[in-house]
Amino acid sequence: MTIFAIGSIPLILVLGNSMLIPVLPKMKTELHITQFQVSLIISVFSIAAALSIPILGYLSDRFSRKAVIIPALILYGVGGLLAGMAAAWFSNAYTWILAGRVMQGIGAAGTAPIAMALTGDLFKGGEQSKVLGLVEASNGFGKVISPIIGSLVALLFWYAAFFVFPIFCFISILLTIFFIKEKKTKKEPPPVGQYIKGLVSVFKTEGRWLFAAYVTGAICLFTLFGILFYISDILEKTYKIDGVLKGGILAIPLLFMTTTSYITGSKIGKKMGLMKSLIVIGLLLMTLSFSALVFFKSLVPFFAVLVISSIGTGLVLPCINSFITGSVPSDRRGFVTSLYGSVRFLGVAIGPPVYSALMVWSRTGMFLTTAGLTLLAALLCLFLIKVSKKEPSEESDTLFKKLQFT
């Protein structure tokens, strides 16, 4: 039940964007807004989260993980309620929806990244990698079901998805309160100056590979949400597919990603060499898939090729999560994992507006640009992450002694 409770936290986070993706075209029509304005409904959520995450990460290190997660989930639910009420009753609905999305973004900052740090606190060794794989799979599962949920509730009224957020948040709050028991520490939290000094030392010694890991996480989420935004648009405009069927089609690549994430997390343990290999292989699969998409326009072959990139993403993310979560002592883990969450959110934030511009510019250019980014990430990971030949024991708390860097 502890693992189930932890898994519910990133699940809530994912619903924030993925559940709205099938509704965006309808939202554009109902609110009389431009393509760029509708993309901001996704972006402001992610930008607010990205800016808030480092602060909440520090607070989770200084106080406790639950002390951040529970208020964050409450704020997330209230933001959804505000956006839903605005769409239903307010005259200047778009502005208020953006305000609600900003509130949700700040709340989201205290969910998945803190859940990763909490997993690092409660589980060690190979068990930690398995649970992190489940957390990433939960994240992916949320992406699978959320377009379907979004499409289903939109049958009631287009803004119904906003009212679903408080319900899911309430369930996650109850699970967190009753089933997550944090380990009590007798240590006093370090003063702010000492904490910052410790973080600086972490990034001095581990900066190169952390940079590669952060960039890779951001690129994976940027391409994922950018491509979903593109697919949502063409399904409605080109193929006239809407509603639950559209949500189901959007879920196909996400299902492959989720399944791969779960299997990867359950198998990698703390095998550093294997993790690095899977990261590079996954990124190369994404590169090949995005390059090949240039030649496929029919729906079935397009999705068949796109699934290869989803499998690649499912290989990459659990391994990156394991590297980052185990990279620092627990007293600074909240900040480092939160910073990782922050760059992932930035990837999500810029995905839809960038892809809306790329769609206008050139379909071929869009896919080749995407392939170039994933290839860049593969090269960064290949050259900046150096793994020692001797495999570590699984009992060690950090990866400091397990990795050798350039």
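At what angle do helix 11 and helix 14 pack, and how far apart are their axes? This is a predicted model, where local features need pLDDT of at least 70, side-chain atom pairs count only at pLDDT 80 or more, and totals for chains, interfaces and linings use all residues. Residues are numbered from 1 along each chain as its sequence is written, and side-chain values use heavy atoms, leaving out hydrogens and water.

**View 1. Helix 11 packs with helix 14.** Helix 11 (residues 272–292) and helix 14 (residues 363–384) pack at about 165°, with axes 8 Å apart. Helices here are DSSP runs (H or I, at least four residues), numbered from the N terminus. Axes are lines fitted to C-alpha atoms over the stretch in contact, and angles run from 0 to 180 degrees between N-to-C directions. That angle makes helix 11 roughly antiparallel to helix 14 (over 145 degrees).

**View 2. Who touches whom between helix 11 and helix 14.** Contact means heavy atoms within 4.5 Å. Helix 11 brings residues including K276, I279, L283 and F290, and helix 14 brings residues including F367, L368, L375 and C381.

**View 3. H32 has a positive phi.** Look in the loop between helix 2 (24–31) and helix 3 (35–62) for H32. Its phi is near 55°. Most residues other than glycine have a negative phi. H32 counts as exposed, at 72% relative accessibility (exposed means over 50% relative accessible area, with a 1.4 Å probe and protein chains only).

**View 4. K240 also has a positive phi.** K240 sits in the loop between helix 9 (192–237) and helix 10 (243–268). Phi of K240 is near 55°, and at 67% relative accessibility K240 counts as exposed.

Note on methods:
Helix = DSSP H or I, 4+ residues; strand = E, 2+ residues; numbered from the N terminus. Parallel < 35°, antiparallel > 145°, perpendicular 65-115°, else oblique. Buried < 20%, exposed > 50% of the residue type's maximum accessible area, 1.4 Å probe, protein only.
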